[in-house]
Amino acid sequence: MKRPFAPLALAAMLGLAAFAPQPAEAQSYPTKPVRLVVPYAPGGATDIIARAAAIELTKSLGQSVIVENRAGAGGNVGSEMAAKSAPDGYTMVMSASSLHGITPFLYTKLNYDPNKDLVPVIVFASFANVLVLHPGVKANSVKELVALAKAQPGKMTCASSGSGSTIHMSCEMFKQMLGLDITHVPYKGSGPAVSDLMGGQVNMMFDNIPSAISHIRSGKLRALATTGPKRSAALPELPTVVEAGVPGYESTAWFGLAMPAGTPKAIIDRMNADGQKAAKAPDFIKRMTDLGYEIVGGTPEQMAAMIQDEIKRWGPIVKASGAKVD
């Protein structure tokens, strides 16, 4: 006889649940400083965004956002530390697209899964890479560079900031799409690679725009094209690689906040809202655009979709390149 009343009881329970108080941490968050882990060295592209974002987040959160650099293993040391931190909203990581789309295919053994143990919050900014040459290379366009590489297979060299970086994979994508035999030369960071490129020890590189732009403007490097889906606002005179004659080519890098899996949704939503304020702050926009970044913003769901795009884009490239770090 009690069976017919079950739906009414359930409805009453749901009604009460709607008015139940939210967890205390979601109501009062944050009550202390928040740690923002940067899994790369100070001064790099990820660090620059993290520090600019931390200034704006500190204003809106009402608590200090403290940047902590934990570099190593291609970003995995800091990312793993963040992923294994308590999911209470007081640790987050400035993640990069390469950690989600390249790392899972590059490392055969990881102690964490960046796409399961971290949850997306917001993408702050992105940038394309730029194809740059030593001025002594006799090519003034992508078409001429391709012809030169085909005329001397295996002799041209392409520098990168390290195996598995977006800089490296941008070159691998270029080689695979055009059937080129170009030798990859990995360095420990973009700085040493650019230095050797300017010195003529290597021929070419797909460097990050913020890193290369001053050398392009000074004439120390010759730029041929940018790698994004549209022309870069920082280098509008350059064609994209697609416009230069390579249909379907696209390589960009983006940077965004992620938090440990299990972090309450209310906290994720709060951090996303404050992240969107940061992304719209005039000082943040000016700082980013002056350096060649493009502002992104958006929701956690949009960041999740971007992660899936990275996995689809880079998985086949990494596998075909045979690149492995461990």
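## Rings, cores and charges

The structure holds 7 aromatic pairs, and they make a handy way into this predicted model. Start with Phe-127 and Phe-255, whose rings form a tilted pair, with 5.3 Å from centre to centre and 50° between the planes. Phe-127 belongs to strand E4 and Phe-255 to strand E9, so this pair ties together parts of the chain that are 128 residues apart in sequence. Both Phe-127 and Phe-255 are buried. If you bring Tyr-293 into view as well, you have one aromatic cluster made up of Phe-127, Phe-255 and Tyr-293.

Now turn to another pair, Phe-174 with Tyr-249. Here the ring centres are 6.3 Å apart and the planes stand at 85°, so the pair is edge-to-face; the cut-off for that label is an angle over 60 degrees. This pair also links distant parts of the chain: Phe-174 sits in helix H8, while Tyr-249 sits in the loop between strand E8 (222-226) and E9, 75 residues apart. Phe-174 is buried, and Tyr-249 is too.

In soluble globular proteins, nonpolar side chains tend to be buried together. In this model, the largest nonpolar core has 37 residues, and Phe-124 and Leu-257 are the ones with the most contacts inside it. Helix H3 gives the largest share, 9 residues.

Setting aside its neighbours within four places in sequence, Leu-257 touches, among others, Leu-36, Leu-57, Met-92, Val-119, Ile-122, Phe-124, Met-271 and Met-303. There is also a second, separate core of 31 residues, which includes Cys-158, Cys-171, Phe-206 and Val-241.

Next come the charged side chains. The structure holds 13 salt bridges. In one of them, Arg-35 meets Glu-68 at 3.7 Å, N to O. Arg-35 lies in strand E1 and Glu-68 in strand E2, so this bridge ties together parts that are 33 residues apart in sequence. Glu-68 also forms a salt bridge with Arg-70, and there the closest N and O atoms are 3.0 Å apart. Taken together, Arg-35, Glu-68 and Arg-70 are linked in a network of salt bridges.

How accessible are the members of this network? Arg-35 is partly exposed, with a relative accessible area of 24%, and Glu-68 is partly exposed at 22%. Arg-70 has a relative accessibility of 36% and so counts as partly exposed as well.

Lys-32 lies over the face of Tyr-90, at 4.7 Å from the ring centre.

Notes
Residues are numbered from 1 along each chain as its sequence is written. This is a predicted model: local features need pLDDT of at least 70, side-chain atom pairs count only at pLDDT 80 or more; totals for chains, interfaces and linings use all residues. Side-chain values use heavy atoms; hydrogens and water are left out. A nonpolar core is a set of buried Ala, Val, Leu, Ile, Met, Phe, Trp, Tyr and Cys residues joined through side-chain atoms within 4.5 Å. Buried means under 20% relative accessible area, exposed over 50%, partly exposed in between (1.4 Å probe, protein chains only). Helices (H or I, at least four residues) and strands (E, at least two) are DSSP runs, numbered from the N terminus. Contact means heavy atoms within 4.5 Å. A salt bridge is a side-chain nitrogen of Lys or Arg within 4 Å of a carboxyl oxygen of Asp or Glu. Rings of Phe, Tyr and Trp (its six-membered ring) pair if their centres lie within 6.5 Å; planes under 30 degrees apart count as stacked, over 60 as edge-to-face and the rest as tilted. A charge sits over a ring if NZ of Lys or CZ of Arg is within 6 Å of the ring centre and within 35 degrees of the ring normal.
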